[in-house]
Amino acid sequence: MATPLDPEMFDPVCPSDLSPIRIGDKWAGMIVRCLERGPQRFSELRVPLRGITAKALTKSLRTLERDGLIKRTSHPEPVRRVEYELTTLGRSLLQPMSAACAWAQEHWEELLDAREASAHG
């Protein structure tokens, strides 16, 4: 069983429209990060993804599953539960995502300045 997800795992401004690098939809990258340490249930994913609706989470999970990045497993006994986990293909995204996050952190101020200039320009 995976370690419970930290409710403060993501900055409150995530997902941010400032990041020019995005994996899938608005939430997909964060879902992949949530599954990095092992399988999680739907309700467990909602803990760090505070701003996501059940509908949006379901849509993102289905898209990630369709693209072969996650696997959905239904366990019927003793209590029915569904878990989501990264596939090998999904795990292969972790390193490029880390590089993209590091780049965004390094250039955050420049991104903010460019957006502000564009909004006032």
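Modeller: Let's start with a term: a residue is buried when its relative accessible area is under 20%, exposed when it is over 50%, and partly exposed in between, using a 1.4 Å probe and protein chains only. The model here is predicted, so local features need pLDDT of at least 70 and side-chain atom pairs count only at pLDDT 80 or more, while totals for chains, interfaces and linings use all residues. Residues are numbered from 1 along each chain as its sequence is written, and side-chain values use heavy atoms, with hydrogens and water left out.

Biologist: Happy with that! Which residues of α3 are buried?

Modeller: First, helices (H or I, at least four residues) and strands (E, at least two) are DSSP runs, numbered from the N terminus. In α3, the buried ones are Leu57, Ser60, Leu61 and Leu64. They sit on the same side of α3, because they cover an arc of only 100° around the axis, where the arc is that of the directions from the helix axis to the C-beta atoms.

Biologist: What is the general idea behind such a pattern?

Modeller: An α-helix has 3.6 residues a turn, so residues three or four places apart point the same way.

Biologist: Which exposed residues does the face turned away from the buried side of α3 carry?

Modeller: That face has Lys55, Lys59, Arg62 and Arg66.

Biologist: And what covers the buried residues of α3?

Modeller: Here we use contact, meaning heavy atoms within 4.5 Å. The cover includes helices α1 (28-34) and α2 (42-45), along with strands β2 (70-75) and β3 (81-86).

Biologist: What happens just after α3?

Modeller: Gly68 takes a positive phi of about 80° there.

Biologist: Where is Gly90 found, and is Gly90 buried or exposed?

Modeller: Gly90 lies in helix α4 (residues 88-91) and is buried, at a relative accessible area of 0%. Not counting residues up to four places away in sequence, Gly90 touches Val32, Gly68 and Leu69.
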